[in-house]
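Visitor: I am new to this structure. Would you kindly take me through a single part of it, with its surroundings, in some detail?

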Amino acid sequence: LGCFTGALGFGMVMAGPMTRFVVPKIGEHASICIFLFLGGIGVAFYPFVWNYYLLFPLIIVRSFNNVAMPTIQAVIFKEFDESRHGGLVGTMYNVINVPGIIGPLIFPQIFSYFSSPKPNHPHFPGIVFMLTAGCNAIVLFICSVYFIQIRKRKQGYSEL
């Protein structure tokens, strides 16, 4: 358990330098998409790990997802004037807390169903990780569409 926590801590500690040095070099939009993709890949492979030492690189790759959130916040804050930042912070943290409320209600039921020894239930306990990767993919898709709209708006296309 200590080694796993250490790997996760290493990934979280690396989020600071990654935000400081990598994001300015490749740009905010590209870094959000890259780090969301890496985070989704990291969690999508959890169910297929056959030996525990393979989790260490996946945990570090998954922690790159921690770089995406502050960058997403920076992009959103640039779209609003300073007088609306207080309400925006409250709204963002309320939205962030929704999965923390709904997840513990839904994911144990899904895990229980897919890990049940009953013969008519499919057996794939890692489905929870795949659903998490799917949620990450949805966020990546939404960010990509939003960034395409921003680029077209800057180029002068107003028919969007």
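Guide: Helices here are DSSP runs of H or I with at least four residues, strands are runs of E with at least two, and both are numbered from the N terminus. This is a predicted model, in which local features need pLDDT of at least 70 and side-chain atom pairs count only at pLDDT 80 or more, while totals for chains, interfaces and linings use all residues. Residues are numbered from 1 along each chain as its sequence is written, and side-chain values use heavy atoms, with hydrogens and water left out.

Let us look at helix 2, which covers residues 28-44. Its 17 residues reach 24 Å from first C-alpha to last, close to the expected 24 Å; the expected span is 1.5 Å times one less than the number of residues. Its buried residues (under 20% relative accessible area, where exposed is over 50% and partly exposed lies in between, with a 1.4 Å probe and protein chains only) are Ser31, Ile32, Phe35, Leu36, Gly39, Gly40, Gly42, Val43 and Ala44. In general, an α-helix has 3.6 residues a turn, so residues three or four places apart point the same way.

Val23 belongs to helix 1 (residues 2-26) and counts as buried because its relative accessibility is 8%. Between Val23 and Val67 there are 44 residues of separation in sequence, yet their C-alpha atoms are 8.8 Å apart in space.

Phe35 is also touched by Asn65, whose contacts, under the same exclusion of residues up to four places away, include Leu36, Gly39 and Asn136 as well. Asn65 is part of helix 4 (residues 65-78). A relative accessibility of 16% is why Asn65 counts as buried.

Cys143 is accordingly in no disulfide. Cys33 is partly exposed because its relative accessible area is 22%, whereas Cys143, at 11%, is buried.

Notes
Contact = heavy atoms within 4.5 Å. Disulfide = S-S within 2.5 Å.
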